[in-house]
Amino acid sequence: MKVEKNMYKIGILALLVSAILTAVSQVFYANRVQVIHPFLFTGISFFITAIYFQCFALQQKATPQWRYAWKPLFKLNIASVITFMGFYFALKYIEPAIVSSLEMAIGPLFILLLTFFQRKAVQKSQWAIAVATFMACGILITAVLLGQSGVAMQLSMEVILGIFASMICGIGAVFCSVYSKQLNELGWTSSMVLAKRYIGIILISFLFTYDIIIPYFKDNIIWILAITIVGVMLPMYLLQKGIQYTNTFLVMMSLCFIPVFTFIFQLFDTRIEVSFITLGGVILLFICGILSIWLESNKY
């Protein structure tokens, strides 16, 4: 039991550090992505990430068990495409804190609905936290629709698509967590999962940007490598550890800390003004995240 508790603490710490690093990269990337194709960065960054973790995976003695692993791996790739490509698309049109908030607010409620339809027991406290998280999502959508978010924008089809893409990201993130955990249970290490889960993203990104990706990479190599290491490789590795050592609901709730850190870091972006409606929604998400970790920790 003590070992299990220690693993749980390691998982929580990994999730929190992942949230901080992800928030930093979101704000920086959002500043850059406004004038480029939204899939340029995904193709380059995730290709580098996949190669990096593949080098580690080749040195590990774990057996892939392809007979059982190919289905969850295929589903993980589809879920990853939905999550990350939708996310980077949304960042092109919407304030970073709102994009991450919408993504994270949908996840906890969706995972509980999946659990409910699988006829498994769900605690009342989890329902309460998930509903409150979804309410925070409503506050943030209201901020966008009223033009009161941190980024000055007019309601348009692109903004509506950005909101929709952000919410779809949350559903995709749930399935990413579920299928990653299935691979972990089959004996896959974090490096093995991270080396294979981005194949779909890489292929689609290259398909859309094959004619401009090489010159763009040459002109922006320094910041792309920096964000890839600090904002993709390390956060994804830590997130994978959190998935391995904790449960899916807690993983989704811990991600609610990302909007809080994103809101703080985006204050340094001169394009973005302070939005008190956004702040209110982000604070509610933060409270829900704290409560979920506290309730889950009482089980150990």
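A residue counts as buried here when its relative accessible area is under 20%, exposed when over 50%, and partly exposed in between (1.4 Å probe, protein chains only). By that rule, Phe84 and Tyr198 are both buried. The model is predicted, with local features needing pLDDT of at least 70 and side-chain atom pairs counting only at pLDDT 80 or more, while totals for chains, interfaces and linings use all residues. Residues are numbered from 1 along each chain as its sequence is written, and side-chain values use heavy atoms, without hydrogens and water.

**Aromatic pairs**
- Searching the whole structure gives 9 aromatic pairs, meaning Phe, Tyr or Trp rings (for Trp, the six-membered ring) with centres within 6.5 Å; planes under 30 degrees apart are stacked, over 60 edge-to-face, and the rest tilted.
- Phe84 and Tyr198 make an edge-to-face pair, because their planes stand at 80°, with ring centres 6.0 Å apart.
- This pair joins distant parts of the chain, 114 residues apart: Phe84 sits in helix α3 (residues 66–91) and Tyr198 in the loop between α7 (190–196) and α8 (199–209).
- Phe175 and Tyr179 are stacked, at 5.9 Å centre to centre and 15° between the planes.
- These two lie 4 residues apart in helix α6 (residues 157–185), so about one helical turn separates them.
- Phe175 is partly exposed at 25% relative accessible area, whereas Tyr179 is buried at 14%.
- Tyr52, Phe53, Phe56 and Tyr237 form one aromatic cluster.

**Around Ser80**
- Ser80 belongs to helix α3; helices are DSSP runs (H or I, at least four residues), numbered from the N terminus.
- Ser80 is buried, with 0% relative accessible area.
- Beyond its neighbours within four places in sequence, Ser80 contacts Met85, Cys176, Arg197 and Ile201 (heavy atoms within 4.5 Å).
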